[in-house]
Amino acid sequence: MRYIFFFFVLAHLPVRAQQGLKDYYRDYFPIGVAVSARALTGADTTLILRQFNSLTPENAMKMGPIHPEEDRYNWKDADAIVDFAVSHGLRVRGHNLCWHEQTPAWLFKDASGAPVTKEVLLQRLKDHITTVVGRYKGKVYAWDVVNEAVADDSTHLLRNSPWYAICGEEFIAKAFEYAHAADPDAQLFYNDYNTERPEKRERVYRLLKKLIASGVPVTGVGLQGHWSIFEPADEELRTAIRRFAALGLKVQITELDVSVYPWEKNRRPRRPDEADTFTPPLEQRQADQYKKVFAVFREEAHGLAASTGDRASASHPGGPLTGVTFWNITDAHTWLDDYPVRGRKNYPLLFDTNGQPKKAFWEVVHF
């Protein structure tokens with residue numbers, strides 16, 4: 001009799017209590033999260049497995065951490081994340097293969113400390129990508145190959161990074177070519193921020209259009225999604241997704257969070273007037289923003305038939321948006337707690353400091 005009662009209780013639990021984000025969005029796209037190796041053996045492990053079906057190593061696969069010396073790789077944390085994902089049937093997005101930040105000290109210099117030649121740097125890039133992608137071939141389904149190569153300065157197309165200073169723009173195409181050679185089945189993404197702002201969007205579009213026209217094996221574009229309660233507008237987001245999709249590219253939201261502060265790039269000290277409190281009005285504004293952007297995500301995951309305007313079947317998404325990944329797990333710790341203002345608490349995610357769903361979570365899943 002008690003078994004009958006047990007199953008009766010289970011059957012009558014609220015459906016939402018038995019589901020995670022990945023379940024609500026099973027007919028739309030994978031829901032991912034950026035993690036450290038430590039997070040997979042701590043208090044957040046249960047929440048990760050309940051809510052997400054894709055993992056991104058937050059830092060473990062960046063060039064500095066994984067390749068600290070020319071002849072030495074540090075596989076420990078990256079292996080732990082990939083092994084965890086494989087053992088639990090989760091997808092893995094690799095992040096990232098070529099970036100101007102978190103690069104090891106040896107990369108751009110020769111033995112005397114002088115800048116290396118273009119040929120040497122490209123060979124180092126090839127060796128790195130071939131080794132890293134080759135190690136995880138068949139386990140990592142997508143890579144952020146080149147990260148943030150477009151300049152913040154609107155008068156230039158590309159950032160004046162050491163990559164660009166030594167190699168010119170060729171390093172971008174080469175990175176994609178090396179990654180494709182190492183794993184021909186992997187999806188290869190260009191990844192950047194502020195891609196919804198029209199001016200930056202158009203320069204990213206110009207770069208991608210040029211790469212595609214040259215036969216570079218780019219699969220998609222990652223819109224980082226480091227947004228706030230103030231931006232983007234839904235039409236800006238929708239326009240960006242469709243603009244890149246017009247090039248035949250997949251689109252993924254790769255690093256999603258919604259800050260309670262306006263977006264800033266440059267580091268600065270905390271001001272006395274920054275209260276550091278997640279007030280009910282801020283909570284509501286954040287919930288409204290999450291609700292808005294996820295409505296756009298669902299729309300762009302299913303797509304619209306050009307002739308009739310009908311949505312594609314829910315079980316066969318037909319739009320360009322193919323994944324959404326959150327950048328960190330809960331508000332207990334996020335990268336925005338220290339950037340751009342060190343020690344200023346941010347509350348940018350769907351789960352609070354105790355790992356409980358926030359108002360924004362319910363706005364995301366109620367549709």
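User: Leaving aside its neighbours within four places in sequence, with which residues is Asn194 in contact?
Analyst: This is a predicted model, in which local features need pLDDT of at least 70 and side-chain atom pairs count only at pLDDT 80 or more, while totals for chains, interfaces and linings use all residues. Residues are numbered from 1 along each chain as its sequence is written, and side-chain values use heavy atoms, with hydrogens and water left out. Contact means heavy atoms within 4.5 Å. With neighbours within four places in sequence left aside, the contacts of Asn194 are Lys200, Arg201 and Trp263.

User: Is Asn194 buried or exposed?
Analyst: Asn194 sits in the loop between strand S5 (187-192) and helix H9 (198-213); helices (H or I, at least four residues) and strands (E, at least two) are DSSP runs, numbered from the N terminus. Buried means under 20% relative accessible area, exposed over 50% and partly exposed in between, with a 1.4 Å probe and protein chains only. Asn194 has a relative accessible area of 13%, and is therefore buried.

User: Which residues line the second largest cavity?
Analyst: On a 1 Å grid over the protein atoms alone, a cavity is a set of points where a 1.4 Å probe fits but cannot get out, a pocket is an open set with protein on both sides within 12 Å along at least five of seven lines, and lining residues have an atom within 4 Å of a point. Grid points are joined across faces, edges and corners, and a volume is the space filled by probe spheres set on the points. The second largest cavity has a volume of about 30 Å³. Its lining is formed by Asn194, Glu196, Arg197, His226, Trp227, Glu231 and Pro232.

User: What is the volume of the largest pocket?
Analyst: This pocket is lined by 35 residues, and those nearest its centre are His226, Arg267, Trp327, Trp335 and Tyr339. Strand S7 (226-228) and strand S8 (250-259) are the elements that give two or more residues to this lining. The lining divides into 11 nonpolar, 12 polar and 12 charged residues, where Ala, Val, Leu, Ile, Met, Phe, Trp, Tyr, Cys and Pro count as nonpolar, Asp, Glu, Lys and Arg as charged, and the others, Gly among them, as polar. The volume of the largest pocket is about 710 Å³.

User: How many charged residues are in the lining of the second largest pocket?
Analyst: The second largest pocket has a volume of about 250 Å³. Its lining includes Ala34 and Val35, together with Asn328 and His333. By class, 5 of the lining residues are nonpolar and 4 polar, and the number that are charged is 3.

User: Why is strand S1 (residues 31-35) described as largely enclosed, and how many of its residues are buried?
Analyst: Ile31, Val33 and Val35 point one way from S1, whereas Gly32 and Ala34 point the other way. In a regular strand the side chains alternate between the two faces of the sheet. S1 is largely enclosed by the rest of the structure because its buried residues number 5 of the 5.

User: Which residue is the bridge partner of Ala34 in S2?
Analyst: Two strands pair if DSSP finds at least two bridges between them. S1 pairs in the parallel sense with strand S9 (residues 321-326) over 3 bridges, and with strand S2 (residues 54-57) over 4 bridges, also in the parallel sense. In S9, Val324 stands opposite Ile31. In S2, the bridge partner of Ala34 is Thr56.
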